[in-house]
Amino acid sequence: RIKSIRTDKDLALEGVKAVVTGADLPDSAGRSANLGELGEVPLEHISHNILASGKALYQGHAIAAVAATSSHLAEEALDLIEVEYEVLPPVLEVLQAMQDNATLLHDDLFTMELGEKSKRPSNVASHQTFRRGDVKAGFAAADHVLEHEYRSATVHQGYIEPHAATAVWSADGHVTLWCTTQGAFSMRTCVHQV
């Protein structure tokens, strides 16, 4: 949990033009963006992934950004940022994260439990059941039934496009963004909304 962020030493450095934290991003609570196959996603979660606000959710989660006249000066300024944390118990395994007493990543995430919203926050976004046929009859008719529990590391598809973007903010106030995505219009809308 982020208790405080001090950036006054950075701003005192000559050549540092700006220091931005999650508090500087627009309030996007209550709004969502349609991200294609992901459906409607709360803008607040997207915004907080750009710069952490309230909690750092994973190792390497960005807390602040610095604009300076050189990359070396920006790195020097980043080292001067003072962040005070309240260290929370980590949640490192999926079954642990699903427990009732697990540290919550998002205090405002309520499980969609078979179409109904749960009464209290959880690390489980949704619970769905897919059924087809008569499972009991299938097991009864099977020559062999093997039951076992398997575990694997986190698995995610390998995108053809790398996660990268380049942006230019022109003197005329226009921003041009080049990003590697197959959802160009969804990305444009999401960036605009955040």
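Modeller: Buried residues account for 18% of the 194 residues in the protein chain. Keep in mind that this is a predicted model.

Ser47 sits in helix 2, which spans residues 43–50. Its relative accessible area is 4%. The cut-off for buried is under 20%, so Ser47 counts as buried. What does Ser47 touch, leaving out residues up to four places away in sequence? The partners are Leu25, Pro26, Ser28 and Val194.

Thr21 is the second case. Thr21 belongs to strand 2. Its relative accessibility is 11%, so Thr21 is buried too. Thr21 has contacts with Ile5, Thr7, Leu51, Ile63 and Ala64, again with residues up to four places away in sequence not counted.

Now the other side. Exposed means over 50% relative accessible area.

Take Glu14. Glu14 lies in the loop that runs between helix 1 (8–11) and strand 2 (16–21). Its relative accessibility is 77%, so Glu14 counts as exposed. Glu14 also gives a sense of span. From Glu14 to Lys117, C-alpha to C-alpha, the distance is 51 Å. In sequence, Glu14 and Lys117 are 103 residues apart.

Leu114 comes next. Its loop connects strand 7 (110–113) and strand 8 (116–121). Leu114 has a relative accessible area of 52%, so Leu114 is exposed. The backbone deserves a look here. Leu114 has a phi near 50°, and this is a positive value in a residue other than glycine.

Thr154 is in the loop between helix 5 (135–141) and strand 10 (165–169). At 80% relative accessibility, Thr154 is exposed. Thr154 and Val94 are 60 residues apart along the chain, yet their C-alpha atoms are separated by 9.3 Å.

Next, the chain as a whole. The secondary structure of the protein chain consists of six helices and 11 strands. The radius of gyration of the protein chain is 22 Å, whereas a compact globule of 194 residues would have one near 16 Å. Along the principal axes, the C-alpha atoms fill a box of roughly 75 × 40 × 30 Å. The accessible surface of the protein chain is about 15,200 Å². Carbon and sulfur atoms hold 55% of that surface.

By class, the lining of the second largest pocket has 13 nonpolar, four polar and three charged residues.

To return to your request: the buried share is 18% of the 194 residues in the protein chain. Ser47 in helix 2 is buried at 4%, and Thr21 in strand 2 is buried at 11%. On the exposed side stand Glu14 at 77%, Leu114 at 52% and Thr154 at 80%.

Terms used
Residues are numbered from 1 along each chain as its sequence is written. This is a predicted model: local features need pLDDT of at least 70, side-chain atom pairs count only at pLDDT 80 or more; totals for chains, interfaces and linings use all residues. Side-chain values use heavy atoms; hydrogens and water are left out. Ala, Val, Leu, Ile, Met, Phe, Trp, Tyr, Cys and Pro count as nonpolar, Asp, Glu, Lys and Arg as charged, and the others, Gly among them, as polar. Helices (H or I, at least four residues) and strands (E, at least two) are DSSP runs, numbered from the N terminus. The radius of gyration is taken over C-alpha atoms; the globule rule is 2.2 Å times the number of residues to the power 0.38. Buried means under 20% relative accessible area, exposed over 50%, partly exposed in between (1.4 Å probe, protein chains only). Accessible areas come from the Shrake-Rupley method with a 1.4 Å probe; for residues, only the protein chains shown count as cover. Contact means heavy atoms within 4.5 Å.
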